[in-house]
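Subject: Structure handover

Hello,

Here is the structure for you to take over. My notes on it follow below the entry.

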Amino acid sequence: MGSAEIVRLHLRNGELLLAREAANSCLDAASEVEKGELYALLSQAWFRLGQPKKAMEAAERAAALTEHWEARLALAAAMVGLGRPMVARTMLFDTLQRERDGGSEARPEQSLVRAEIDVGTALAEACRAAGDAESGIAIATRAVVWAERYFGRQTPEAAKALYGLGVCLHGAGKYAEAKQAMNRVLQIREQHAPETSDMAAVLDALGSIERNLKEPFKAVALHKKALALWLETVGQHASPV
């Protein structure tokens, strides 16, 4: 297993600190091509650790070294985190369209499958952040279909796409449907990544949904549980080092 695959596996399992450490430790010995991939993955780790500025720094380095869609995904995700969802949405749409134009939906290669899920989910969330949650719902639903078709219903890939769908449903005011999607994410995370920041994010999202469903006591309990898990796992390490 190559160094980038090790980092990617840590990200898949919600092990963000391990992903960050693995990417940093592999950079010195990596080739220029490998460095582009590692910086893109490092950017993902920083973004999910709540550090969009650090994510942007790593994404810019990745984009200078490779034209792979993961570098553009990293750039766009950081842009959303820094309050530029409109620019990110355009970049993600163009990136996904380019991958589709170069592949076959009937017999897709692994790269296209990954792009449909990862870029599609990010595009959906960028649409929601830009105030167009309805478009995000349609895009995230497609990502869920691809994730379940090629990886299975109870996988981290399905959870990622479902989380994006839940965020968009919430943004559109469809709170009951958002809760249903997030509960599915919760169930998958309990299997694959129960004590991680990914689980904390799901619990926090469910707390926000419960608040909008006029269930304040449930909301507070979920937010408290999310905060405790975040602090237990990565909270004290989330600032730049």
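Predicted model: local features only at pLDDT ≥ 70, side-chain atom pairs only at ≥ 80, totals over all residues.

Helix α11

Helix α11 runs over residues 197-212, which gives it 16 residues. From first C-alpha to last, α11 reaches 23 Å, close to the 22 Å expected at 1.5 Å a residue. Of its 16 residues, 12 are buried, so α11 is largely enclosed by the rest of the structure. Just after the helix, lysine 214 takes a positive phi of about 65°.

Overall fold and confidence

The secondary structure of the protein chain consists of 12 helices and 0 strands. The radius of gyration is 17 Å, close to the 18 Å that the globule rule gives for 241 residues, so the chain is as compact as a globular protein of that length. Along the principal axes, the C-alpha atoms fill a box of roughly 55 × 40 × 30 Å. Of the 241 residues, 47% count as buried. Among contacts with a separation of 6 or more, 61% are accounted for by residues 24 or more positions apart.

As for confidence, the mean pLDDT of the protein chain is 94, and 97% of its residues reach 70 or more. Confidence is lowest in α1, at a mean of 93, and highest in α8, at 98.

Nonpolar cores

The largest nonpolar core has 42 residues. Val7, Leu11, Leu42 and Leu92 are the residues with the most contacts inside this core. At least two residues each come from α1, α2, α3, α4 (52-65), α5 (69-81), α6 and α7. The largest share, 8 residues, is supplied by α5. If neighbours within four places in sequence are left aside, valine 7 is in contact with Ala19, Ala22, Ala23, Leu38 and Leu41. Another core lies apart from this one; it has 34 residues, among them Ile117, Ala161, Leu165 and Val185. As background, nonpolar side chains tend to be buried together in soluble globular proteins.

Salt bridges

A search of the whole structure finds 16 salt bridges.

The side chains of glutamate 116 and arginine 100 meet at 2.8 Å, N to O. This pair links distant parts of the chain, with glutamate 116 in helix α7 (residues 110-129) and arginine 100 in helix α6 (residues 85-101), 16 residues apart. Glutamate 116 is buried, because its relative accessible area is 2% and the cut-off for buried is under 20%. Arginine 100, with 27%, is partly exposed.

Arginine 184 and glutamate 148 form a salt bridge through their side chains, at 3.0 Å from N to O. Arginine 184 lies in helix α10 (residues 175-192) and glutamate 148 in helix α8 (residues 133-150), so this pair ties together parts that are 36 residues apart in sequence. Both ends fall just outside the buried class, which is under 20% relative accessible area: arginine 184 is partly exposed at 22%, and glutamate 148 is partly exposed at 21%.

Lysine 35 forms a salt bridge with glutamate 32, and their closest N and O atoms are 3.8 Å apart. Lysine 35 and glutamate 32 both lie in helix α3 (residues 32-48), 3 residues apart, which is about one turn of the helix. With a relative accessible area of 21%, lysine 35 is partly exposed; glutamate 32 is also partly exposed, with 48%.

Finally, Glu5, Arg8, Glu37 and Glu70 are linked in a network of salt bridges.

Regards

Terms used
Residues numbered from 1 in each chain as written. Heavy atoms only, no water. Salt bridge = Lys/Arg side-chain N within 4 Å of Asp/Glu carboxyl O. Helix = DSSP H or I, 4+ residues; strand = E, 2+ residues; numbered from the N terminus. Buried < 20%, exposed > 50% of the residue type's maximum accessible area, 1.4 Å probe, protein only. Expected span 1.5 Å × (residues − 1). Core = buried A, V, L, I, M, F, W, Y, C linked by side-chain atoms within 4.5 Å. Contact = heavy atoms within 4.5 Å. pLDDT = per-residue confidence, 0-100. Rg over C-alpha atoms; globule rule 2.2 N^0.38 Å.
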